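Q: Could you walk me through a few features of this model? I would like to learn how to read them one by one.

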Amino acid sequence: MKKEIDKNQPPLLEINNLSTYFDTHSGLVKAVDGVGIKLYPGECLGVVGESGSGKSVTFLSVMGLIKKPGRIASGSIKFDGRELTDLSPRQYRKIRGKEIAMTLQDALTALNPSIKIIDQISEVLREHDKEVKAQGKKAIKNRAVEMMKLVGIPDAKNRLKDYPHQFSGGMRQRIMIAIALACKPKLLIADEPTTALDVTIQAQVLNLIADIRKELNMSVIIITHNLGVVSEYTDKTVVMYAGQIVEKGLTRDVILNPQHPYSQGLLKSIPRLSELDTAIYPIPGQVPDLVNLPAMCRFYSRCSKRSEECKKGDIQIKKLSAHSEVRCLKVTNELKTSQ
Amino acid sequence: MNITDTNSSENRIDMIEKTEVKTVSLFSINMKNFLGNRLAVIASLIVIFAVIVSIFSSFFAPHDPNKTDLFLRLQPPAWMDGGEWSHPLGADHLGRDILSRIVYGTRVSIIVGFSVIFIATAVGILTGLMAGYLKGKFDLVISTIVDILLGFPYLIFAIALMAVMGPGFQNIILALVYKEWVIPCRVVRGETLAVKEIEYVEAAQALGASTFHIMLKEILPNILSPVIVVATTRMATVIILESSLSFLGLGVQPPMASWGNMVADGREFMLEAWWVSTFSGIAILILVLSMNIASLSLRDAFDPRFSES
Amino acid sequence: MLGDQHVTPEMEQALREDMGLDLPIHERYFKFLSNASKGNFGRSFFHRRPVMEVILERLPATIELTLCAMVMAMVISIPLGVLSAVKKGTLYDKTSVVTAMTGVSMPGFWFGIILIIIFAINLQWLPVSGRSVFALRVPSITGMLLIDTLLAGRMDSFMDAVKHLILPTITLGMAMGATLMQVTRASMMEVLKQDYILFAEAKGLKRTRVTFFHALKNALIPTVTVAAIQTGQLLGGNMIIETIFGWPGVGSLVVRAIFSRDYPLVQAAVLIYVLIYVIMNFVADLLYTVLNPKVRI
């Protein structure tokens, strides 16, 4: 499940200082503000954060699916050497579904209820895979069956003409994955792949993704708020809060030794069966309003380690070590003093 | 409201049938954001203006609407050849001033519109509350009547009634009320059924409040807003219906002016005097359109759930 | 009814017997029901012929007009509604919505008259009333002029029928079209917000495919059901519009019957209208079931 990170290759996905804003009636919402990520081929990245942290919006921006009143205000998104923000809609379409694929949280709503499964799978093939398309309907159908089998749908051949609601929740999620992987993309972005599923099914789906990742040497981004998933399946982790990345690093570092107060709070707030007697520590307070963000640490109001200095201006993210970065004055100051 | 997601049969039928009633919600327009506050304000002002005109008709009308003058027969509007500014919109086939008749016609439309809606809503609230809260026999009887009445196309029902009752101002109000009450009744019944389960009603019951008290004090205030929205939307439709009936000659009788019968009068003279029919129809259009816009804004004010921009 | 003729008591009694008015009321009611279920509505007072005969004679004209209005309304308003939803918030959208609201706020009878004034009288492009010109009559096979004229191979008659159809169709279809456009727009907007549209776009599918294959399929469900219901309601509007345009259909027949107190005919017409209304509602239900896979299977 975890792979050696080959840093000799250039990054597959390089996001630099990405900002995505929404012009709403109540004001300018800075959903994503200065996000930077590097992802190498074959790597699995976990993106953690609560609702409103900007995690989904970041990757919708990568997919080019941000619509009015949202816009990519600044920054660059480089995929496989190409600058995505320069692409025309037509060019972007050719990449979506073919080189970068995305799955959504709830497979029930993500699959069109009025269209048969066979059509929902084959249309991706017909759109992106000219070879298979040229081979005709039968070849396309066979490929679709192949994909369904790959993701573990029993009796795939006979179920092609069924509709989404005729499948169980776990099956639907797998079908969504099958659709996403039909054209063997280089990058799979899975947005909350387990949230809508039962615990037992969750593991199945994640293992499926892990297996396929190995087979295709595909990069995967798992967006989730579930730290358990992150710790099991990802190589690197990024923690987001209020539109910014507050911590990033190797997963084992972030999970075992979180630096940012928010990450620490997240890990502390997981109730553990082994510690039944200890108190539960939720993080007090709420996510700030993304409309009127003052220039200061966004976690300030909920931080137990804050100081006056934290109010004095936007906090920059700083490198802590070869793989880690943190956006926290306290941590970076401590590092300075220890050096 | 997720249109594509309704599943149960009853829900769906209700949704489909409620199109007439809830066409408002299907419009999905948030007036404020969409067309601007100004339009809603203008529309409301127009409606208020119409009410004022209907009350103070004699002030607004330059002439006696029923005064005939054969010298003025079919006189064109002021800006055309042969027209005069003393009769800005021209005169009809009996030489009566069109503008004045339009002014007095406002009375008919406004009074019929408000009366029908007022009475129908009152009856509808009463029957709806009874059907929704008391259920059992009440619901059975009332719902059956409602379903039967709904099965009749509006105009035919009204025409048939008018043919039996005879034409005239009061009869038109009655005839329209006979069909109109089912609409607020259905809305009230639906809302009552929904609200009934909510805690404060159960609390009141536990405290031993009388049925009547509950219906009036607990349920009614909470279902008022959709009822009001529906009432204002329906008023526009009622006005069109009244004008249709008057057009057919079943409404107010000559020489009394109503926008509908003015259009009918002008029909004979379409060739030589288009103005006789045209302006009264424009009046209907303006009033009804304003009412529709105003009621949509009202709906948005009450229930931002249905907003879109 | 006998008017000013000199009436003797014997004549009156004879007429009563003939019209069955001498029987007690409950007997009359049952007689009516039994006759009605056999299609016998009695004789029209005015036309002095069996009611069903008179109605059936004029039915094709009404059906032709209603069908044309329906088709026109759907063909114009559904694409406009889709376009409006796709271009949500733009000037185009706002204009369409306001136009649709105006369409709903216009009294049908007035709109028809205005159209006549502008197009028939002033511009003289189209005829003022009627269904066809006598001289261009063709043998009646289906009763629908558009079909019959083509079957007879007479293009001049066909064009004549078309010209007569245009204004009444527009008038009748306007209200239905305006509502349909708004329903389509609203429904489309709802659908476009759905996750499956986002997912379809994430698959890199062409815009047209997403809009028409994915979105419209679902958006049409409420639209079609509303259209079916509206058709049932068109019958009311039919009466006035047929009267204005002198259209020889059932609608104008009924209006005249009401005014001349031709009760048998009115009874029959009301029954038929209600029947059609109920049938169309049933069709609407059926359509919904058939079109919505979730319900069907």
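Q: Let's start with helix α12 of chain B: is it mostly covered or mostly exposed?
A: Keep in mind that this is a predicted model. To read burial, we count neighbours: a residue is buried if 20 or more other C-beta atoms lie within 10 Å of its own. In α12 of chain B, residues 259–267, eight of the nine residues are buried, so by this definition the helix is mostly covered.

Q: Which residues of α12(B) are buried?
A: They are B:W259, B:G260, B:N261, B:M262, B:V263, B:A264, B:D265 and B:G266.

Q: Happy to move on to helix packing. At what angle do α7 and α8 of chain B pack, and how far apart are their axes?
A: Two packed helices are described by the angle between their axes and the distance between the axes. Here α7(B), residues 154–165, and α8(B), residues 169–180, pack at about 140°, with axes 9 Å apart. That angle makes α7(B) oblique to α8(B), because only angles over 145 degrees count as roughly antiparallel.

Q: Is the crossing of α7(B) and α8(B) left-handed or right-handed?
A: The crossing is right-handed. On the α7(B) side, the contact is made by B:Y154, B:F157, B:A158, B:L161, B:M162 and B:M165.

Q: How many residues of domain 1 of chain A are in contact with domain 2?
A: The contact joins 13 residues of domain 1 to 14 residues of domain 2. On the domain 1 side, helix α9 of chain A, residues 199–216, gives the most, with seven residues. That side divides into ten nonpolar, two polar and one charged residues.

Q: Last one, the contact between chains C and B: how many residues does each chain give?
A: Chain C gives 47 residues and chain B gives 46. On the chain C side, the helices that each supply at least two residues are α4, α5, α7, α9, α10 and α11. The largest share, eleven residues, comes from α9(C). By class, the chain C side has 33 nonpolar, ten polar and four charged residues.

Conventions:
Residues are numbered from 1 along each chain as its sequence is written. Chains are lettered from A and ligands numbered from 1 in the order in which they are written. This is a predicted model: local features need pLDDT of at least 70, side-chain atom pairs count only at pLDDT 80 or more; totals for chains, interfaces and linings use all residues. Two residues are in contact if their C-beta atoms, placed from the backbone, lie within 7 Å. Helices (H or I, at least four residues) and strands (E, at least two) are DSSP runs, numbered from the N terminus. Ala, Val, Leu, Ile, Met, Phe, Trp, Tyr, Cys and Pro count as nonpolar, Asp, Glu, Lys and Arg as charged, and the others, Gly among them, as polar. A residue is buried if 20 or more other C-beta atoms lie within 10 Å of its own, exposed if 12 or fewer, and partly exposed in between; C-beta atoms are placed from the backbone. Axes are lines fitted to C-alpha atoms, for helices over the stretch in contact, and angles run from 0 to 180 degrees between N-to-C directions. Angles under 35 degrees count as roughly parallel, over 145 as roughly antiparallel, 65 to 115 as roughly perpendicular and the rest as oblique. A crossing is left-handed if the near helix is turned anticlockwise from the far one by less than a right angle, and right-handed if clockwise.
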